[in-house]
Amino acid sequence: MYAEVLTEYSAKSIDKEFTYLIPSNLQNRLKVGMKVIVPFGKTTINGFVVNIKDNTDTQNLKEIIDIQNEDFILNEELLSLGKYIKENTLCSLITAYQCMLPSSMKVKTIKSNYQKYHEYLELVSKENTLDYINNYPRRTKQLELLNRLLKSEIILKNEYNSEIINKLIDLNIIKIKKENIYRINIDKKEESALTLTSDQTIAVNEVKKSLNNHNIFLLHGITGSGKTEVYMNLIEEVISKGKEVIMLVPEITLTNQIVERFYKRFSSKVAIFHSSLSEGEKYDEYHKILNGDVKIVVGTRSAIFVPFTNIGLIILDEEQSTNYKQDNNPRYHARDIAIQRGIYHNCPVLLGSATPSLESMARALKGVYKLLTLSKRIGKATLPKISIVNMQDEYRKGNMIISDLLDSKIKDRLSKKEQVIIYLNRRGFNTIITCKSCGYTFKCPHCDITLTYHKSSNHLRCHYCGYTLVNTEVCPICHEKALTSYGLGTEKLEEELKERYQANVIRMDIDTTSRKGSSKSLIESIEQGKVDIIVGTQMISKGFDFPNVTLVGVINADESLNIPDFRSGERTFELLSQTAGRAGRKELPGEVIMQSFNPDNKTLLYVQNNDYKSLFNYEMNIRKILKYPPYYYLTILRITSKDYNEASNEVSKAHKYLNNNLKDVIILGPTTASMFKINNIYRFQIILKYKDYSQIKKSLLELDNIYKTNNKVNLEIDNNPTRI
Ligand code: ADP
Ligand code: ZN
């Protein structure tokens with residue numbers, strides 16, 4: 001018998017399948033989907049078995065050395081899901097499989113001893129022990145140990161020094177028993193469910209009716225309308241039937257609060273999955289799933305691939321989030337994967353959001369998805385009142401950061417001991433540093449972007465490639481001491497608020513939350529009331545549920561409107577509505593102040609009136625006229641290279657090729673990409689607009705094949721990009 005083994009080949013992750021002989025000792029055990037170790041030239045590598053067959057034409061085959069990990073197998077569903085990803089994102093098959101697994105289980109990883117044990121001591125036999133005690137009455141330390149074991153006490157290996165233990169092991173008196181342990185252990189008492197409101201009940205019942213069918217539901221529920229309770233209620237029903245649930249959330253910081261709620265409700269039935277777990281923790285959580293020890297997984301994007309085999313429900317909370325799309329190879333969208341798995345398991349997929357993506361809402365209105373609505377907050381809670389402040393007027397008064405209105409509201413909340421969120425989607429201290437004497441602006445030498453000043457580390461930093469420069473007072477060009485800085489970042493805002501209000505201010509952005517456990521402790525300090533004001537970037541805009549937050553201030557509501565992307569209106573609406581939704585979620589009423597230089601902007605007015613419907617109609621009309629999604633599909637082809645001329649020449653060639661080969665497809669470009677240079681790589685792009693993927697697929701595959709072997713330029717193909 002022979003096995004075809006798929007391995008990763010070259011830096012571009014090209015698929016390579018090799019045929020090996022299956023040695024007789026593995027013939028009964030080896031299955032398709034297993035990870036095996038095989039000889040390769042003078043070394044050994046590993047790969048997935050993708051086929052087992054009786055015959056081969058190839059001569060002189062080598063034998064498979066061993067199975068790497070017998071309790072893990074890429075099952076039939078995941079094997080075919082990989083093929084779906086390859087088809088739809090045009091990645092290699094091995095790349096698709098690799099992305100489904102935590103690093104410790106990927107091909108190429110040889111280290112596999114992530115398993116953690118408790119090591120206990122155990123007697124080999126009672127009689128021998130008693131003999132030994134009689135024969136050596138003076139070995140007091142050993143006798144103490146043995147007597148404890150005779151009394152059936154549980155003794156960990158590390159309670160005694162290894163000399164004593166090893167001697168007893170050598171004499172075959174005791175042995176070591178290993179017991180698997182998990183690094184994350186949840187031992188909470190399960191709290192009972194809240195009584196659902198009538199709106200929640202209607203939504204829940206709709207889904208419950210079709211738990212044994214594949215349907216896609218879009219739950220459109222305003223912020224604080226109790227979507228999470230709806231999810232939990234459904235999950236309870238699904239796991240009571242012995243099935244499993246995957247629940248995706250868009251950001252790691254968000255998982256903290258939701259996971260706590262899930263632990264309280266479902267205790268040790270929950271595994272978590274996100275990138276800030278350690279490799280060992282990920283290994284363990286993965287094995288909780290393989291071992292059938294959990295029924296629910298809560299996690300970020302890649303958790304959609306967990307190897308549950310009896311899924312009864314898949315939930316994507318905040319389905320509009322762009323984090324669900326991976327922005328490197330394979331460029332998959334978790335929503336698409338959820339739907340594929342929903343079809344396979346014949347179970348519902350529930351998409352939830354206060355601000356659904358236009359694509360999903362359009363599908364719901366066409367009846368492709370079933371629309372469920374929660375239009376009120378729970379109990380007496382109402383949506384916050386939103387005011388828009390004209391910052392042009394404030395500038396004239398000399399208020400560069402905080403308007404008079406926001407100032408008075410902050411003071412009011414501080415005096416009442418209520419909490420305030422101030423949102424600014426820019427990190428660092430200043431975002432632009434220039435020389436007043438010669439006009440020089442500090443830019444990243446590797447990227448097409450200005451450097452940001454970070455005061456806490458006293459560095460200028462590139463937010464794309466991480467390049468840093470120690471802060472200086474003199475201009476590197478004219479050597480004058482004339483540097484000045486503009487642009488407000490969260491770090492400066494934090495400092496300003498601290499000085500102004502003498503309050504307890506914390507900041508939540510990538511810089512303060514990237515350390516493991518840091519966002520969790522920040523959240524706890526908010527919950528315990530140790531914090532008056534929370535300054536944060538978009539990571540605080542979603543999901544947070546703090547009953548004492550009654551004021552949200554948005555420093556620069558226009559910021560995301562100015563991004564040149566056809567989705568900027570939709571995105572701004574989403575961000576601001578979500579951020580506003582943090583205020584007044586329980587008994588205390590909430591209020592929102594949005595500062596803007598364009599106070600009459602339509603999108604901002606829709607946010608103010610919580611008018612998703614008008615936003616939807618307005619944006620859909622533009623999309624229709626300009627032929628953008630959801631009316632057309634988009635694909636971006638990006639040609640990148642360290643060599644400007646190569647990239648520029650190749651993008652013209654690719655453009656010509658597409659022009660000659662595509663019919664009824666709108667081809668835009670070639671142009672430079674919106675970030676023209678990142679990390680010394682020049683980037684050009686071509687945009688395709690089309691009605692059906694089959695119109696372009698063949699040509700894309702051909703182009704992709706041409707560039708696979710080109711070492712000077714790279715072709716990235718991004719189907720359904722989240723930004724252009
Ligand atoms: P969403 O996910 O839509 O933002 P949540 O599920 O977080 O809303 O609910 C908002 C708040 O209302 C939470 O504090 C939650 O505990 C509470 N809540 C939700 N449903 C109920 C209910 N049926 N009865 C009482 N409180 C509820
Ligand atoms: Zn850079």
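Leu219 stands opposite Gly352 in β13, and that pair is a handy way into this predicted model. Five bridges join β8 (residues 216-221) to β13 (residues 349-353), and the two strands run parallel. Strands here are DSSP E runs of at least two residues, helices are H or I runs of at least four, and both are numbered from the N terminus. Two strands pair if DSSP finds at least two bridges between them.

A quick word on ground rules: residues are numbered from 1 along each chain as its sequence is written, while chains are lettered from A and ligands numbered from 1 in the order in which they are written. Local features need pLDDT of at least 70, side-chain atom pairs count only at pLDDT 80 or more, and totals for chains, interfaces and linings use all residues, with side-chain values taken from heavy atoms, leaving out hydrogens and water.

**The seven-stranded sheet**

- β8 and β13 belong to an open sheet of seven strands with parallel pairing, in the order β10-β11-β9-β12-β13-β8-β14.
- At its edges sit β10 (270-273) and β14 (370-374), each pairing on one side only.
- Neighbouring strands are turned by 20° against each other on average, direction ignored; axes are lines fitted to C-alpha atoms (for helices, over the stretch in contact), and angles run from 0 to 180 degrees between N-to-C directions.
- Helix α6 (residues 198-209) lies across β8 and β14, running at about 160° to β14; contact means heavy atoms within 4.5 Å.
- Helix α9 (residues 279-290) also packs on the sheet, where it touches β10 and β11 (296-299) and makes about 140° with the direction of β10.

**The six-stranded sheet**

- Another open sheet has six strands in the order β15-β25-β24-β16-β23-β22, again with parallel pairing.
- Its edge strands are β15 (385-390) and β22 (505-508), and each pairs on one side only.
- From one strand to the next, the twist averages 20°.
- Six bridges link β15 to β25 (residues 591-596) in parallel, and Ile388 has Met594 in β25 as its bridge partner.
- Helix α14 (residues 490-501) lies across β16 (419-423), β22 and β23 (533-536), at about 160° to β23.

**Strand β26 and its partners**

- β26 (residues 633-641) is mostly covered, with eight of its nine residues buried; buried means under 20% relative accessible area, exposed over 50%, and partly exposed in between (1.4 Å probe, protein chains only).
- Nine bridges join β26 to β28 (residues 681-690), running antiparallel, and seven bridges pair β26 with β29 (residues 713-719) in the antiparallel sense.
- Ile639 has Phe684 as its bridge partner in β28 and stands opposite Leu715 in β29.

**Cysteines and zinc**

- The zinc ion (ligand 2) is coordinated at 2.2 to 2.5 Å by the SG atoms of Cys444, Cys447, Cys462 and Cys465; donors are N, O and S atoms within 2.8 Å of the metal (3.2 Å for Na, K and Ca), and sites may look incomplete because water is not among the atoms.
- Those donors follow the spacing C-x2-C-x14-C-x2-C along the chain.
- Cys444 lies in the loop between β17 (430-435) and β18 (452-454) and Cys465 in the loop between β19 (459-461) and β20 (468-470), so the pair ties together parts 21 residues apart in sequence.
- Cys444 is buried at 5% relative accessibility, whereas Cys465 is partly exposed at 24%.
- Searching the whole structure turns up zero disulfides; a disulfide is a pair of cysteine sulfur atoms within 2.5 Å.
- The sulfur of Cys99 has its closest cysteine sulfur in Cys91, 7.1 Å away, which is too far for a bond.
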